[in-house]
2 protein chains.
Amino acid sequence: MAVYTDVAAEELADFLKAYDIGEVLSYKGIAEGVENSNYLLHTTSGSFFLTLYEKRVAIDDLPFFLGLMGHLATHGIVCPQPVKARNGETLGRLAGRPAAIIDFLEGVWPRKPNVAHCAAVGAALAKLHLAGRDFSMKRVNALSVSSWRPLFEQVGACADTVQPGLHDFLKAELDHLEAYWPRELPGGVIHADLFPDNVLFLSDRLSGLIDFYFACHDFFAYDVAICLNAWCFEPDHAFNVTKARALLGAYHRERALSEAEQAALPLLARGAALRFLLTRLVDFLNVPAGALVKPKDPLEYVRKLRFQQRVGGVRDYGVAILGPVA
Amino acid sequence: MAVYTDVAAEELADFLKAYDIGEVLSYKGIAEGVENSNYLLHTTSGSFFLTLYEKRVAIDDLPFFLGLMGHLATHGIVCPQPVKARNGETLGRLAGRPAAIIDFLEGVWPRKPNVAHCAAVGAALAKLHLAGRDFSMKRVNALSVSSWRPLFEQVGACADTVQPGLHDFLKAELDHLEAYWPRELPGGVIHADLFPDNVLFLSDRLSGLIDFYFACHDFFAYDVAICLNAWCFEPDHAFNVTKARALLGAYHRERALSEAEQAALPLLARGAALRFLLTRLVDFLNVPAGALVKPKDPLEYVRKLRFQQRVGGVRDYGVAILGPVA
C-alpha cells in the first residue's frame with residue numbers, strides 16, 4: 001500500500017502536456033504496490049496508471065523495466081505498456097520523481113487462487129520466459145543468492161526477536177544454499193515477483209501480468225519456484241499438490257522444463273523462500289516512523305521454507321518427472 | 001488514506017448481482033478518506049466508488065448520509081449519488097461490512113487552493129445549505145460543542161507531550177467556548193468537513209462535493225467557519241484575507257449571512273479550530289499498531305486557533321459587514 005508522493009493538479013496538468021492522452025479528469029492514489037506511488041488516472045481519452053518511482057527503485061533500472069514491458073506487450077504478453085510522450089520517451093519527471101504513464105489493465109487479482117488460476121499462471125509464466133528471449137537489455141538479479149548473506153547480516157542479530165532460533169535457522173539455510181546453488185540452468189528474463197496480486201483475471205481468463213519492477217535475468221526455473229511458493233500454499237499453510245501439478249504442468253506444456261531444471265526445483269524453491277523471508281524480515285524490522293506500509297509477515301515464509309526443505313523431488317509437487325511435450 | 005477491508009473478487013461479483021451496473025472489470029483500493037475502505041470500481045457500465053463502512057461510522061447514520069447525497073444530487077448539487085440496487089436499497093453488505101456503490105465523480109481537488117477556488121467553495125457551500133433545507137431526515141452534530149469536553153478529557157493528560165502548555169491552552173479555550181457558544185443561529189444540514197480534498201474541480205470549474213460522512217444539522221455559519229479554517233490559511237500559516245473575502249462574499253451572494261451570523265463567525269471559527277484540533281489529537285495519540293493511516297498534524301490547528309482568538313470581527317476576514325444582497 002503506497003502513495004508516498006502527492007501530486008498537485010497543476011503539476012500533473014503540466015506533465016501531461018508532453019503526452020497525447022487528453023486532459024485530466026481525476027487521479028486517485030492507489031493502495032497497491034509497496035515500492036512506488038501509483039495513481040489511477042482518468043483522462044478524456046481513457047484510464048492510465050501514473051507511477052512515481054520512489055527511492056527503493058534504482059533510476060538506472062527504469063529503462064530496463066519500461067523497455068521490457070514495451071517489448072513483452074508487443075510479443076504477445078498482456079501487460080501494461082508504458083505510454084510514449086510526444087518526444088518518444090516513456091520516462092519523465094513529476095513532483096521531483098522519475099515518473100511514467102502506463103496503460104491501465106482491467107482485471108482483478110485472485111484473493112483465493114484456485115487450481116485453474118494456478119494453471120493459467122504457469123502457462124503465462126512460460127510464455128513470458130519465451131517472449132523475453134529476444135529482449136536486448138540486461139539486468140542482473142539484485143536479489144539472488146549472492147545478495148542473501150548481506151541481507152542476513154542486516155537482520156541476523158534481531159532475527160530471534162521475531163522467532164526464537166530464527167538466526168541459526170537462517171544461517172544454516174544460507175550456508176546450504178550458497179554451497180549447492182546451481183551454476184548452470186536455462187535462463188533469461190524472469191518476472192521474479194509473480195505473486196497473485198500481480199496477475200489479473202477477467203472472469204476466469206488471465207487478463208494480464210503486472211508489476212515488472214523486480215524483473216531481471218536469472219534461471220527460468222527460479223521464477224517457477226517463486227510461483228510454487230506464492231500460489232500453491234493454502235491459508236492454513238498446507239502445500240496443495242493439485243495446484244502445484246496444475247502450475248508445473250501448464251508451464252511445461254508451453255516451455256518444457258529440462259531434467260536438470262526439474263532436479264533443481266526443490267533447491268530453487270528453498271532459495272526463493274529464503275529470498276522473500278529475508279526481504280520481509282528487513283522490512284519488518286525497519287518500518288519507518290509514520291510509514292503507510294504494513295509489512296508482510298516474514299513467518300509465512302519460514303513455514304514455506306521448512307516445507308521446501310523436506311521436498312525430495314518434483315514428485316512431492318504432485319508430478320512425475322515431466323517428460324518431453326508431445 | 002485507507003483500505004481496511006480487503007474484498008475478494010468472488011464476493012464482489014456476488015454483491016454486484018443485486019445491481020444493474022454490469023460486470024466487474026477492476027477495483028483498486030484508494031488511498032483517500034480515513035474513515036472507510038474505498039475502492040475505485042470499473043465495471044462494463046462505468047466507474048463507481050465502492051465504499052465499505054468501517055466501525056468509526058455509525059451504521060445507524062448511513063441512511064442519513066446516503067439519503068442526503070441522493071437528495072442533494074436531485075436538488076442541483078453535484079455530489080456522488082448512491083446507486084440503488086434492484087430492490088431499491090442503497091445500503092448492502094459486503095465482506096462483513098455495510099457497503100454502498102456510489103457514482104464516481106470526475107474532478108481533482110486543489111492541493112494549492114487559489115482565490116477562485118475559495119470563491120467557488122463559498123458559493124457551493126451556500127447552495128448546499130439551501131438545497132438541504134427540505135431534506136426530511138435529521139442528524140445531530142456528534143462533534144459540536146458538547147462533544148469537545150469528553151474529547152479533551154481523552155487527550156488532556158497527554159496534550160503536553162505534543163506541545164508544552166497545550167493542556168492549559170485547550171482547557172481555557174474550551175471553558176470560553178462553552179460559556180459563549182451561540183444558542184440561536186440559522187441552521188440546517190451542513191457538510192461539516194468541506195476541506196479542499198472534498199471539493200473537486202475540472203479545470204477551474206467546481207465539479208462536485210464529496211464525502212458527506214460528517215454531515216449533520218448545525219448552524220450554517222459554523223460550516224462557513226470550518227471552511228475559513230480549511231481554505232484560507234497559507235502553507236506558512238498566514239491567514240489570507242483575499243481568500244476569506246472571496247469565500248465569504250461568494251457565500252453571501254447565494255445565501256445572505258445575517259448580522260448575528262456575521263457577529264458569531266469569529267467565535268464559531270475558534271470552535272471549528274478546536275473541534276479539528278481535538279479530533280486530530282485523539283487520532284495522533286491513538287495510532288493503532290500496524291495502522292495504515294498517517295495522522296494529520298494537530299499543531300496546524302493550534303496555530304489556526306491562536307489566529308481566530310485574535311479576530312475581532314469579520315473585518316479581520318477582509319470584509320466589511322456584509323450587507324443585504326442586491
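Predicted model: local features only at pLDDT ≥ 70, side-chain atom pairs only at ≥ 80, totals over all residues.
Residues are numbered from 1 along each chain as its sequence is written, chains are lettered from A and ligands numbered from 1 in the order in which they are written, and side-chain values use heavy atoms, with hydrogens and water left out.

1. The sheet of chain A. Strand β3 (residues 46-53) and strand β5 (residues 97-103) of chain A run antiparallel and are joined by 5 bridges. Helices (H or I, at least four residues) and strands (E, at least two) are DSSP runs, numbered from the N terminus, and two strands pair if DSSP finds at least two bridges between them. The pair belongs to an open sheet of 5 strands with antiparallel pairing, in the order β1-β2-β3-β5-β4. At its edges stand β1 (24-29) and β4 (92-94) of chain A; each has a single partner strand, so one side of each is left without a neighbour in the sheet. From one strand to the next the twist averages 35 degrees.

2. Helices on that sheet. Helix α1 (residues 9-16) of chain A lies across β1, β2 (36-43), β3, β4 and β5, and runs at about 165 degrees to β4(A). Helix α2 (residues 62-73) of chain A lies across β3 and β5, at about 5 degrees to β5(A). For these angles, axes are lines fitted to C-alpha atoms, for helices over the stretch in contact, and the values run from 0 to 180 degrees between N-to-C directions.

3. The sheet of chain B. Here too there is an open sheet of 5 strands, ordered β1-β2-β3-β5-β4 with antiparallel pairing. Neighbouring strands are turned by 35 degrees against each other on average, direction ignored. Strand β2(B) is joined to strand β3 (residues 46-53) of chain B by 8 bridges, and the two run antiparallel; B:Ser37 has B:Leu52 as its bridge partner in β3(B). Helix α1 (residues 9-16) of chain B packs on the sheet, touching β1, β2, β3, β4 and β5 (97-103), and its direction makes about 165 degrees with that of β4(B).

4. B:Thr43. This residue lies in strand β2 (residues 36-43) of chain B and counts as buried at 4% relative accessibility. Buried means under 20% relative accessible area, exposed over 50%, partly exposed in between (1.4 Å probe, protein chains only). A polar atom of the B:Thr43 side chain lies 2.5 Å from the backbone oxygen of B:Ile21. Not counting residues up to four places away in sequence, B:Thr43 touches residues including B:Leu16, B:Val24 and B:Phe48, where contact means heavy atoms within 4.5 Å.

5. Helix α3 of chain B. With 17 residues, α3 (residues 115-131) reaches 24 Å from its first C-alpha to its last, close to the 24 Å expected at 1.5 Å a residue; the expected span is 1.5 Å times one less than the number of residues. Among its buried residues are B:His117, B:Cys118, B:Val121 and B:His129. The elements covering the buried residues include α2 (62-73), β8 (205-209) and α6 (220-231) of chain B.

6. B:Ser207. Strand β8 of chain B holds B:Ser207, which counts as buried at 8% relative accessibility. A polar atom of its side chain lies 3.3 Å from the backbone oxygen of B:Glu106. B:Ser207 and B:Val108 are 99 residues apart in sequence, yet 8.6 Å apart in space, C-alpha to C-alpha.

7. B:Asn229. Placed in helix α6 of chain B, B:Asn229 is buried, with a relative accessible area of 1%. Its side chain reaches the backbone oxygen of B:Ala269 at 3.1 Å, and a polar contact of 2.7 Å joins it to the side chain of B:Gln308. A polar contact is a pair of N or O atoms within 3.5 Å; within protein, one must be able to donate a hydrogen and the other to accept it, and residues adjacent in sequence count only if both atoms are side-chain atoms.

8. Cysteines. The count comes to 0 disulfides over all chains, a disulfide being a pair of cysteine sulfur atoms within 2.5 Å. For A:Cys118, the nearest cysteine sulfur is that of A:Cys232, 4.7 Å away.
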